[in-house]
Protein chains: 2
Amino acid sequence: MMARAKNETRERLVETARQLFLRQGYTATGVAQILAEAGVNSGSLYYFFPTKEDLLLAVLEHYKELLCPRVLRPVYDRLSDPIERVFGVLHGYRELLIASDWREGCPIGNLALELSATHPAARRLIAENFSAWRDAVAECLRRAADRLPAGVRPDQLALFVLTLMEGAVMLARTYRSIEPYDNAVTQLRDYLERLLADGTTWSAPKRAQASPRKPRARIRRGTAPRKRSP
Amino acid sequence: MMARAKNETRERLVETARQLFLRQGYTATGVAQILAEAGVNSGSLYYFFPTKEDLLLAVLEHYKELLCPRVLRPVYDRLSDPIERVFGVLHGYRELLIASDWREGCPIGNLALELSATHPAARRLIAENFSAWRDAVAECLRRAADRLPAGVRPDQLALFVLTLMEGAVMLARTYRSIEPYDNAVTQLRDYLERLLADGTTWSAPKRAQASPRKPRARIRRGTAPRKRSP
DNA sequence: GTATTAGTTGACCGATCAATCAACTCAGGG
DNA sequence: CCCTGAGTTGATTGATCGGTCAACTAATAC
């Protein structure tokens with residue numbers, strides 16, 4: 001076949017591999033299957049990627065690039081309240097779980113447990129993906145810092161949200177039920193509400209500091225994101 | 001070789017497969033490797049287990065039997081306070097993470113993401129393992145129900161704890177750092193403390209019911225479990 | 001028009017995969 | 001003492017694994 005548009009083959013390989021890794025995992029996906037579904041010959045794959053693992057790394061790089069335009073942007077465009085944005089992102093994963101009939105969860109979390117112990121290079125990129133996600137949530141929380149008690153560290157709270165989300169996706173897929181996911185989001189809301197409503201110092205260890213009582217700031221309940229507030 | 005003690009070969013296969021699945025995952029572990037490390041010939045494996053997947057199912061059944069004697073009992077023997085018991089169990093997984101240098105996390109969570117979408121029989125058993133764990137935690141919380149605000153449902157809170165633990169193990173292994181795990185436990189403690197300290201109704205949706213203010217019940221801080229209170 | 005080179009092709013490689021099976025061993029029952 | 005059958009053996013199967021390579025195509029550079 002003639003030479004295609006620049007990197008078209010490469011991009012189709014990355015996209016196809018992404019989907020298959022997401023649905024079946026890395027090890028369980030054979031190169032032959034990727035080639036077949038991408039409509040590419042084996043030689044072409046190895047022209048762009050010396051090994052199967054290099055293709056995996058490209059997929060992980062791709063995810064880093066996708067976070068902003070595909071995960072954050074659509075939510076941020078609809079919601080302006082920083083805390084609602086966090087729940088909006090969580091709602092996005094909820095939709096993915098249901099729409100895919102539990103076949104797809106968090107693409108990164110999927111690969112994290114499979115590869116962290118055995119594929120160092122992949123592990124590093126997975127960690128970077130987590131960090132990017134965490135940073136985005138932390139930024140939202142930082143913008144709502146005036147509503148949170150002093151002593152609450154946005155980056156730690158963001159890590160907590162990520163932890164919850166990954167665990168919730170795992171359980172929802174295992175039970176084939178949205179209950180564990182909604183339960184996690186509901187309890188997170190309850191926790192956040194207690195933080196927002198509480199003017200006192202956060203009770204966690206890190207150099208707690210007393211702060212004057214703040215007015216209660218209500219946050220909405222339920223999983224679905226609401227209209228933006230102009 | 002002569003016939004060994006009854007089921008000795010079978011048990012060695014299950015134990016060896018358990019370890020390898022834990023460290024490498026199911027797909028990445030070849031039958032040949034299991035045979036080599038167990039010191040068993042291929043024919044013997046297929047005498048006991050028609051397929052590799054049947055061996056996996058036996059491993060998952062084995063885990064269900066291990067929950068009580070290996071996970072709960074050692075903690076329950078040291079701690080009597082029901083809430084401290086929950087944190088004691090969480091501490092156990094912390095120790096495993098560190099002792100194994102991040103090679104071993106929650107054995108069930110490991111397999112959950114890898115197999116839930118593709119191996120229905122395994123998925124069912126994984127869900128049963130989760131449920132057993134969840135039930136144990138819920139039982140602890142039920143025993144501490146008088147210290148929690150009315151409206152808090154122990155089974156939902158237990159599911160929340162499981163969610164957190166699984167997410168925390170995933171992140172700790174990915175970052176090769178205990179920070180995400182300790183962060184999750186710390187925030188869980190903070191959340192629980194707020195629940196315990198709060199006499200008001202739990203603010204989550206399910207048929208909330210007002211209840212009279214309860215006396216504050218302090219819970220200890222930090223990850224390590226403390227001495228039992230006789 | 002010729003040289004260059006990015007990109008493509010598919011046959012082919014040895015290794016490993018899960019699984020099979022006919023032959024064998026040996027403890028326990030009669 | 002022989003028989004039976006639970007348990008063991010390891011060579012072997014065909015499929016699939018990730019990966020190689022020499023030949024080829026076509027767009028661009030000169």
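Trainee: What is the order of elements in chain A from the N terminus on?
Mentor: The order is α-α-α-α-α-α-α-α-α. That comes to nine helices and zero strands. Helices are DSSP runs of H or I with at least four residues, strands are E runs of at least two, and numbering starts at the N terminus. This is a predicted model, in which local features need pLDDT of at least 70 and side-chain atom pairs count only at pLDDT 80 or more, while totals for chains, interfaces and linings use all residues. Residues are numbered from 1 along each chain as its sequence is written, and chains are lettered from A and ligands numbered from 1 in the order in which they are written.

Trainee: What is the mean pLDDT of chain A?
Mentor: pLDDT is the predictor's confidence in each residue, from 0 to 100. The mean for chain A is 87, and 83% of its residues reach 70 or more. Residues 205–218 of chain A fall below 50, yet this stretch has 20 contacts in the model beyond near neighbours in sequence. Residues 220–230 of chain A are also below 50, with 21 such contacts.

Trainee: Why is L164(A) called buried?
Mentor: A residue is buried if 20 or more other C-beta atoms lie within 10 Å of its own, exposed if 12 or fewer, and partly exposed in between, with C-beta atoms placed from the backbone. L164(A) has 25 other C-beta atoms within 10 Å, so L164(A) is buried. L164(A) sits in helix α8 (residues 154–175) of chain A. Across chain A, buried residues make up 43% of the 230 residues.

Trainee: Which residues is L164(A) in contact with, leaving aside its neighbours within four places in sequence?
Mentor: They are A184(A), L188(A), T163(B), L164(B) and G167(B). Contact requires C-beta atoms, placed from the backbone, within 7 Å.

Trainee: How many residues does the contact between the chains take from each?
Mentor: Chain B gives 47 residues and chain A gives 48 residues. On the chain B side, α8(B) gives the most, with 14 residues. By class, that side has 22 nonpolar, 15 polar and 10 charged residues. Here Ala, Val, Leu, Ile, Met, Phe, Trp, Tyr, Cys and Pro count as nonpolar, Asp, Glu, Lys and Arg as charged, and the others, Gly among them, as polar.

Trainee: What makes the two copies related as by a two-fold rotation axis?
Mentor: A rotation of 180 degrees with 0.0 Å of shift along its axis superposes chain B on chain A, with an RMSD of 0.0 Å. The two copies are therefore related as by a two-fold rotation axis. G167(B) comes closest to the axis of the residues of chain B, at 2.0 Å (C-alpha).

Trainee: How do you know that the copies meet through the same surface?
Mentor: 100% of the interface residues of chain B are also interface residues in chain A, so the copies meet through the same surface.

Trainee: How do you know that α1(B) reaches the span expected of a helix?
Mentor: The expected span is 1.5 Å times one less than the number of residues. Helix α1 (residues 8–24) of chain B has 17 residues and reaches 24 Å from first C-alpha to last, close to the 24 Å expected. Just after α1(B), G25(B) takes a positive phi of about 90 degrees.

Key
Contact = placed C-beta atoms within 7 Å. Least-squares fit on C-alpha atoms with pLDDT ≥ 70 in both.
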